[in-house]
Amino acid sequence: MSYPGMTDLKLKEQTVFERSRTGRKGYSLPFEELDSAEKILPEELMRKELDLPELSEIDVVRHYTRLSTYNFSIDLGFYPLGSCTMKYNPKINEKMARLNGFAGLHPEAPLDTAQGTLRLMYEMQQMLNEIGGYAATTLNPSAGAHGEYVGLGIIRSYFKKKGDTKRKKIIIPDSAHGTNPASCTLNGFDVVLLESNAEGKVCVDCLKNMLDDEVAGIMLTNPNTLGVFESDILEITKAVHDAGALVYGDGANMNAILGIARPGDMGIDVLHYNLHKTFSTPHGGGGPGAGPVGVCEKLVDFLPDPYVVKEGDFYKFVNFPDTMGRIRSFYGNMGITLRAFVYLLEYGSDHISEIAENAVLNANYIKACLKDIYHLKYKSDTLHEVVFDDSTLENGITTMDIAKALIDRGFHPPTVYFPLIVQGAIMIEPTETESKETLDSFIEAMKDIFETAKTDPENILKAPLNTAVSRPDETLAARKPVLKYCKEGD
Ligand SMILES: Cc1ncc(COP(=O)(O)O)c(C=O)c1O
């Protein structure tokens, strides 16, 4: 086993506590001030003992630098996590987000001292309205799933206001992301599952048979999680509207159609964006995110508080008459909105479609190069991602083994075992930010794994062999994470 900078395995695998030596230190503090701080703090709040490790600066730097190499990031390499759109985050976004005028602004600051930030929010609302084809877009939700929760809350409020309380069902295709049914349930809706057809799309006739006066809406991802564009979308939205219901769009896959097609024009009444996917903001490790929700004209009054408007030259907040209320503290994840705003300006409205064009090109290049060895359950044309499975691999090699073997070859694994309608799914989404050279070396790695599975299956079954940790019990690690150092015997 070897990993960067590993010259002395025993020493390097120690925790900071184990490396601690009494009296060793790597700081210098103004002691006079510290002394007076001690006098200010009440005696009962002072700790009598604090078991902190004692280390020199170089020990600390090496320890944390080494730990940082245990993880994978988009800055380190290709991260083709399907459905998650892990694209490169340009450093200019980070620089802008750190500008003191934005980063240092207090959320309770008087409006006339926060006009720059309010203007940015207003313009972001406008840009998202234009991109999605909506009358208004709230920036408040903190993630895609939160956007879903809000969007369905808007649908619930809409029917409540109409006095149409019978509509309790939301139809969801079986290819949908797991957060879709969860968001319905949290809003008090009953989920009705719609099976995909042999092309991996919504079966329009099945949908029509399901529509009645108890259906509040359908939740649709377009393109769906197979990367397949729902080409019957206009017929679908018309049928749903004719039945008196609404269409919710899961916009997590906007990267495939950005600047080319608008969900609002397809008849999708309410849609969430995942700023942290489509608009390049970082989202490894579970956050932070932003899930703005766009709505058509008749749903505007139900948007959550607050909303930014421009009155003359002044930007201010308003609340809509039938608002569903506040859905979080303050005004959304501003840092994320800001990064996404910068990303949009970098492209400009004339070039935004290049994002989708290149994302689709890259995914189809990978598909074309691998489709003769890796199996495709659905043969339909796909856009920004491609879903293979493990059925052609020999010697019992599974999707999980392929994922682990990719780590040894320097790549982050694709999304695995999702969508659920493809057994052993390997869902690859390269995004627009990768070069042909990167795609080629990923393709080579996938081919190598396929061949090695035949000739040396142990190499794949034991992978990863080049990382500090190989195959932890993932369930145990997720359910009972050990996040705290315990001395032996504690
Ligand atoms: C299709 C789809 N919908 C919704 C979500 C939920 O988004 P978030 O992770 O921001 O809550 C995801 C997340 O990966 C997704 O892929």
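In what order do the strands of the open sheet lie? Select the seven strands: the order is S1-S7-S6-S5-S4-S2-S3, with mixed pairing. Strands are DSSP runs of E of at least two residues and helices runs of H or I of at least four, both numbered from the N terminus; two strands pair if DSSP finds at least two bridges between them.

The model is predicted: local features need pLDDT of at least 70, side-chain atom pairs count only at pLDDT 80 or more, and totals for chains, interfaces and linings use all residues. Residues are numbered from 1 along each chain as its sequence is written.

Next, select S6 (residues 270-273) and S7 (residues 293-295), antiparallel strands joined by three bridges. Histidine 272 stands opposite valine 293 in S7. Axes are lines fitted to C-alpha atoms, for helices over the stretch in contact, and angles run from 0 to 180 degrees between N-to-C directions.

Then display helix H13 (residues 334-347), whose axis comes within 10 Å of that of H7 and crosses at roughly 60 degrees. The contact involves Thr117, Leu120, Met121, Met124 and Met127 of H7, together with Met334, Thr337, Leu338, Phe341 and Leu344 of H13.

Finally, move to the ligand, which has 14 residues around it; Ser83, Gly144, Ala145, His177 and Ala252 come nearest. Here a residue is near if its C-beta atom, placed from the backbone, lies within 6 Å.

Key
Two residues are in contact if their C-beta atoms, placed from the backbone, lie within 7 Å.
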